[in-house]
Amino acid sequence: MRFSASLIAMILAPACLAADFAVSVGAANSFAFSPTQIFPAPGDTVTFTFLSRNHSATTTTFDTPCPPPDGGTADGFDTGFLSATTGQTPSATVTIVDTAPHFVACAQAAGAHCRMGMVMAINPTAEQPFAQFLANAVA
Ligand SMILES: [Cu+2]
């Protein structure tokens with residue numbers, strides 16, 4: 001019996017190791033994601049919670065962030081516009097499937113929010129650090 005219980009625990013363990021990374025969008029009416037960079041592993045999830053106005057979390061390119069492409073990058077995601085203006089705080093969860101960097105921006109107002117610095121990075125690297133991505137967005 002003890003052997004069986006241990007076996008079950010071992011089978012369940014990998015699923016229990018997956019983590020969720022919470023990212024707020026537009027907290028306190030800001031044009032910002034928080035935190036601005038996270039380092040999830042494959043299998044982890046990212047939950048974007050929209051706290052003000054009407055924003056999106058849309059993957060974009062490192063070099064030319066604003067505006068992000070319609071629907072996000074081919075290897076990324078797009079939450080679509082989610083509005084908190086009705087008193088709701090909608091959220092969207094994406095699953096990370098690789099270790100590649102993914103750069104995220106708000107697509108609102110043809111990139112206007114993005115150019116105000118409304119960007120964040122998933123697994124940025126030494127070659128593609130968040131600070132340079134942000135500088136590319138507000139340039
Ligand atoms: Cu926005």
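Phe-103 stands opposite Ala-121 in β10. This is a predicted model: local features need pLDDT of at least 70, side-chain atom pairs count only at pLDDT 80 or more, and totals for chains, interfaces and linings use all residues. Residues are numbered from 1 along each chain as its sequence is written. Strands (E, at least two residues) and helices (H or I, at least four) are DSSP runs, numbered from the N terminus.

β9 and β10 run antiparallel, joined by four bridges. Two strands count as paired if DSSP finds at least two bridges between them.

## The four-stranded sheet

The sheet is open and has four strands, in the order β3-β10-β9-β6. Its pairing is mixed. β3 (37-38) and β6 (58-60) are the edge strands, and each pairs on one side only.

β6 pairs with β9 (residues 102-105) in the antiparallel sense, over three bridges. Thr-58 stands opposite Ala-105. Thr-59 has Val-104 as its bridge partner.

Helix α3 (residues 130-138) lies across β3, β9 and β10 (119-122). The helix runs at about 145° to β10. Axes are lines fitted to C-alpha atoms, for helices over the stretch in contact; angles run from 0 to 180 degrees between N-to-C directions.

## Burial around β9

Both faces of β9 are covered. His-102 and Val-104 are buried on one side, Phe-103 and Ala-105 on the other. Buried means 20 or more other C-beta atoms within 10 Å of the residue's own; exposed means 12 or fewer, and partly exposed lies in between, with C-beta atoms placed from the backbone.

Val-104 touches residues including Phe-33, Ala-57, Val-119 and Ile-122, not counting residues up to four places away in sequence. Contact requires C-beta atoms, placed from the backbone, to lie within 7 Å.

## The nonpolar core

The largest nonpolar core holds 28 residues. Such a core is a set of buried Ala, Val, Leu, Ile, Met, Phe, Trp, Tyr and Cys residues joined through C-beta atoms within 7 Å. Phe-33, Val-104, Ala-105, Met-118 and Val-119 touch the most other members. β1 (20-25), β4 (45-50), β9, β10 and α3 each supply at least two residues. β10 gives the largest share, four residues.

β4 has alternating side chains. Val-46, Phe-48 and Phe-50 point to one face and are buried.

β1 and β4 run parallel, joined by six bridges. Val-23 stands opposite Phe-48. β8 (residues 91-95) pairs with β4 in the antiparallel sense over five bridges. There, Thr-47 stands opposite Thr-93.

How values were computed:
Two residues are in contact if their C-beta atoms, placed from the backbone, lie within 7 Å.
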